[in-house]
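Subject: Structure handover

Hello,

Here is the structure I said I would pass on. My notes on it follow below.

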Amino acid sequence: MSDMRLKHEKLSAVRDAEAQVDKLPKEPRTWRLKVSIVFATIYAIYVLAEGCVREVARFEIWAVNAFARQEGRLSRQGVENLYISIPDPSSARSASRRYATRPHIAGSAGDFEAAKDLLQLFQEEFGIAQPDEAPIFNAGSYASRDATLGINTLAKPNAWIDTYYPLMNTPLDHALSVLDADGNTIWEAELEEGSDPRDPDSEKHKDAVPTFHGFSADGEAEGPLIYVNYGLKEDYEQVLAAGGNFTGKIVLARYGGNFRGLKVQAAEELGAAGVLMYSDTRDDGPVTVENGYEAYPAGPARNPNSVQRGSVQYLSLYPGDPTTPGTPAYQNATRTEGENIPKIPSLPISWANAQRLLREISNVGLEDAFKLDGKTSKRNIKLINHVNTRVMPIWNTMGVIPGHINNETVIIGNHRDAWVMGAVDPTSGTVSLHEVVRGFGALLKTGWKPLRNIVFASWDAEEYGLIGSTEWAEDFPEWISENVVAYINIDGSAAGSIWLPTGSPSLAHLIRNAALDVAHPTSPNKTLWDARDDVGPFHGPANNDFPEGHLAKRAAGEDDIGIAPLGSGSDFTPFLQRLGVSSMDESFSLTPTDAAYHYHSIYDSETWKETYADPGFEKHVAVAKHLGLVLLRLLDSTIIPLNTTHYALELGKYLDCVEETASSLGLPIDLTHLHESVARVQAASRVLDVEKSDAASTLEDLLRKLPPLGCKPCGVIGWLKRLLGIIRALPYYHELKAAVRRVQQVNKKIIGFERGFISEEGLEGREWYRHLGVAPGKWLGYGATTLPAITEALTLEKNATLAELESQRLAMLLNKLAKSLQA
């Protein structure tokens, strides 16, 4: 019994001890373990919830990231206001004096330095660290292709230089003389422009680039001189009708009316031996020495010794490297002979030399020499043009800011190369682009990120024939077609008084609305849009038909908004007319009462520009502000702001013009089927307008309901808040997914509208051009021809049957376009 009692007492003591232990405080590590388990559970729930959200909307998360409410994020208006505050006349002047005071013809050492200057600008403004080795890549290399094809996967800005290798030429020696009957020289022209110390940059660089034509044929020519006015097709026809004969002749043409290469092409086809071109003071309006204005640099009239260089490539056939049409000009490219360059030599000459030569045609006076009656000089003219034609490197400088949507990109481009210094062409545009880059750099510093990607391009060798942009477009046609929303071009931005925007009809409203939000560069209480009516300060009598012709030419091309279509002559060409990318261009251009502009001359200098074109650099800045607003609205609008209905209505007007043309030519043509196709596109676009509005409002309403999810959580409280937000947002994500996909489908249709005019067969005889809605006129070059295949079947071929066949081809495209809008 005593043993049993002892055992019971021991058990009781143990139980009492355990009870006392239970009353003691728990070990701290036990509590820590429990807390850890709780937080691990919460985190697991968070990860599962966020994973669910991202799985549901893995392709649509950009909408949340782009529009989520975040403390400190700029509103859209705040973004525009900040941007508008950045472009500055003082900065623009400084950039211009840096870029426009040294020669930088394409392929030269000066051009390469300028390419690196732009690379540095992109790197500094966009916060891109400079790599140990400069990112300068041979086109076609893995690095070059990865830079462009990798845009869709970029997480931060990038910049690089692509090197292409086109065929180009540079001058060696040249001469121009009048010969007597025995072949002796009785007069020899001074072909260089001279210089004047009152224009210090032209004085310093007077021998940098001798006067010549890009792509002119190497050779010598001798024969009688014959005058052809502008060298338009109808000018040549008028001379022929008067009994003139061009075989073996030296043709003298004045600049203007069409692209200079077409003057040579027409002469070559008619058997001419060579071509001379000059700038005629009749095209300077009232600003002439005869009206009492002094010649530059003493005054605003034309310097009589100035010479317009320029390319004589047959641009209407195809632009870009002559030896690689349709494919990129890699260093090891397979090349053709080049079908878009002349076989006869040509030279640019001054007005002073032209006057001397015109006296060889008529000793009665200039007015008699100007008559297109086929008369020729009694004495022969000898032309010598020796050039070095070879494959040369050129450099495109590229910069990228990635956006939230990785497969939608807007491009802005300006060509950098100049025939000499090019203070206006292209450096005024380069300066405006410089200010745009500064503005976007300021936005990046606030943490702003665009909804869509933006590419900044500094193209090279535009002056020779749009080479840099064309080679890049031929290098990446699939990527451009699949990703590029719009292309914004700026060539020279400040030559004269009138602001002239041009572009695809779908961009017209955007261009106008942005211009209404930019102040006039010099007149208070006016907008940039009002500058479309500005005139220059120099007045007086002019050639009787010049001012009226100038205004008539402008009015004929404008739509109801006031935006004319694009022809060619600048870097929008490969994007619009080969790949179907909506495009625009703008500049302050010349009016009849502006100072005579020395285009492509050594006197296109900083001194001339600061004296006559834009002394305060307000025009450079106004263009930069407008470009930036257009870009921001293309980049950050939920629905891409391209107006397809306005475009569709313009098609009806284009068609009316075709019928008027046919009637004026006495060519009966039935376009009923094409009218029906245009009506289908118009109806489909109006339905799309409703869908655009509904899709945008649905997405924006949903986004307003969502809690802020765009910021990364920080700390325990941040994680908990984000978890709560995700849990609250989960019910909306299926709706969000549907809404975002709806917006993307609408935007795809909007982007595809311009693509709908692209025919793989291209235009007859110049298949490189594929846009059946607009193209450079076959014998215009610069100027736009709408519905070109049909129009030129009538105007050039005088063939109503061919016009109807072409109308059927266009109708098929339009019917397909209408269906795609309704899909």
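Asn-799 sits in the loop between α26 and α27. Please keep in mind that this is a predicted model. Is Asn-799 buried, exposed or partly exposed? With a relative accessible area of 30%, Asn-799 is partly exposed, because buried would need a value under 20% and exposed one over 50%.

The side chain of Asn-799 points polar atoms at the backbone of the residues that follow. A side-chain oxygen of Asn-799 comes to within 3.1 Å of the backbone nitrogen of Thr-801, at the start of α27. The backbone nitrogen of Leu-802 is 2.9 Å from a polar atom of the Asn-799 side chain.

Setting aside residues up to four places away in sequence, Asn-799 touches Leu-667, Ala-793 and Leu-794. Asn-799 and Ile-669 are 130 residues apart in sequence, while their C-alpha atoms are 9.6 Å apart in space.

**Helix α27**

Helix α27 covers residues 800-822, which is 23 residues. From first C-alpha to last, α27 reaches 33 Å, close to the 33 Å expected at 1.5 Å a residue.

The buried residues of α27 include Ala-803, Glu-806, Arg-809, Leu-813, Leu-817 and Leu-821. Which helices do the buried residues of α27 pack against? They pack against α22 (644-664), α23 (672-705), α25 (733-755) and α26 (788-795).

- Strand β13 (residues 405-415) pairs with β15 in the parallel sense, over 5 bridges. Gly-413 has Asn-489 of β15 as its bridge partner.
- Strand β17 (residues 583-589) also pairs with β15 in the parallel sense, over 3 bridges. Here Tyr-487 stands opposite Ser-583 of β17.

**Nonpolar cores**

The largest nonpolar core has 159 residues, of which Leu-276, Phe-440, Phe-456 and Leu-634 touch the most other members. Helix α21 (residues 618-636) gives this core its largest share, 11 residues. Apart from this core lies another of 56 residues, and Val-287, Trp-419, Tyr-487 and Phe-572 are among them.

What does Leu-634 touch, leaving aside its neighbours within four places in sequence? Its contacts include Ala-486 and Ile-488, along with Val-410, Arg-452, Leu-507 and Leu-510. Ile-640, Pro-641 and Leu-642 are also in contact with Leu-634.

**Glu-80**

Glu-80 is in helix α4 (residues 76-84). Why does Glu-80 count as buried? Its relative accessibility is 13%, and buried means under 20%. Neighbours within four places in sequence aside, Glu-80 is in contact with Leu-629, Leu-632 and Arg-633.

**The protein as a whole**

There are 27 helices and 19 strands in the protein. Of its 823 residues, 58% are buried. Taking contacts between residues at least 6 apart in sequence, 80% join residues at least 24 apart. The protein exposes about 33,200 Å², with carbon and sulfur atoms supplying 53% of that area.

Regards

Key: Residues are numbered from 1 along each chain as its sequence is written. This is a predicted model: local features need pLDDT of at least 70, side-chain atom pairs count only at pLDDT 80 or more; totals for chains, interfaces and linings use all residues. Side-chain values use heavy atoms; hydrogens and water are left out. Helices (H or I, at least four residues) and strands (E, at least two) are DSSP runs, numbered from the N terminus. The expected span of a helix is 1.5 Å times one less than its number of residues. Buried means under 20% relative accessible area, exposed over 50%, partly exposed in between (1.4 Å probe, protein chains only). Contact means heavy atoms within 4.5 Å. A polar contact is a pair of N or O atoms within 3.5 Å; within protein, one must be able to donate a hydrogen and the other to accept it, and residues adjacent in sequence count only if both atoms are side-chain atoms. Two strands pair if DSSP finds at least two bridges between them. A nonpolar core is a set of buried Ala, Val, Leu, Ile, Met, Phe, Trp, Tyr and Cys residues joined through side-chain atoms within 4.5 Å. Accessible areas come from the Shrake-Rupley method with a 1.4 Å probe; for residues, only the protein chains shown count as cover.
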